[in-house]
Amino acid sequence: MMKRGRDKNAMREYCRKNEERFRRLDEETYDVISVMIHHRKLEDYKENCRVEKGRIDMCQALEEMMEDSRQEGRQEGLLDGEKRLADLVSMLLTTGRVEDIRKAMDNSEFRRELYRECGIDGESGE
């Protein structure tokens, strides 16, 4: 597992191949693995993934951790996209380009052109 700690796909595949062992992992082993693969955040998932006293379902914990990370990434992307769009609208309003705002709401290619024109970096929120 330590070899795969930084590669989520390799980790997922390794867990699948060793599912029987990781579905009922000794709690102390779970704790050591969490530290050794540099995923101390797994501690947050331990109680929810407990299958019996002293046994943890590490596969479930890893899946929950990855799903939470995906959700956090989506949320950050949405917030970045909202800020980016708000910056664009603000710049266009300042210059009286209301029609461009309307067009940008319906046309993503035009919106990207406006982002470039206005110097608003990134590609999120598309």
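## Basis of the model

This is a predicted model in which local features need pLDDT of at least 70 and side-chain atom pairs count only at pLDDT 80 or more, while totals for chains, interfaces and linings use all residues. Residues are numbered from 1 along each chain as its sequence is written, and side-chain values use heavy atoms, with hydrogens and water left out.

## H1 against H4

Helix H1 (8-17) and helix H4 (residues 58-94) are DSSP runs, numbered from the N terminus (H or I, at least four residues). The axes of H1 and H4 come within 10 Å and cross at roughly 155°, where axes are lines fitted to C-alpha atoms over the stretch in contact and angles run from 0 to 180 degrees between N-to-C directions. H1 and H4 are therefore roughly antiparallel to each other, a term for angles over 145 degrees.

In this contact (heavy atoms within 4.5 Å), Lys8, Met11, Arg12 and Cys15 of H1 meet Cys59, Leu62, Glu63, Met66 and Arg70 of H4. By class, the contact of H1 with H4 holds 5 nonpolar, no polar and 4 charged residues; Ala, Val, Leu, Ile, Met, Phe, Trp, Tyr, Cys and Pro count as nonpolar, Asp, Glu, Lys and Arg as charged, and the others, Gly among them, as polar.

## H5 and its partners

H4 also packs against helix H5 (residues 98-106), at an angle of about 155° and with the axes 8 Å apart, which makes H4 roughly antiparallel to H5. On the H4 side the contact involves Leu85, Val89, Leu92 and Leu93, and on the H5 side Val98, Asp100, Ile101 and Met105. These residues divide into 7 nonpolar, no polar and 1 charged.

H5 packs in turn with helix H6 (residues 108-118), at about 125° with axes 6 Å apart. The contact is made by Asp100, Lys103, Ala104, Met105 and Asp106 of H5 together with Ser108, Phe110, Arg111 and Leu114 of H6, and by class it has 4 nonpolar, 1 polar and 4 charged residues.

## The largest pocket

The lining of the largest pocket consists of Arg4, Gly5, Arg6, Asp7, Lys8, Met11, His39, Leu62, Met65, Met66, Ser69 and Arg70. H1 and H4 each supply at least two of the lining residues, and the largest share, 5 residues, comes from H4. By class, the lining divides into 4 nonpolar, 3 polar and 5 charged residues. A pocket here is an open set of points on a 1 Å grid over the protein atoms alone, where a 1.4 Å probe fits, with protein on both sides within 12 Å along at least five of seven lines; lining residues have an atom within 4 Å of a point.

Definitions and conventions:
Parallel < 35°, antiparallel > 145°, perpendicular 65-115°, else oblique.
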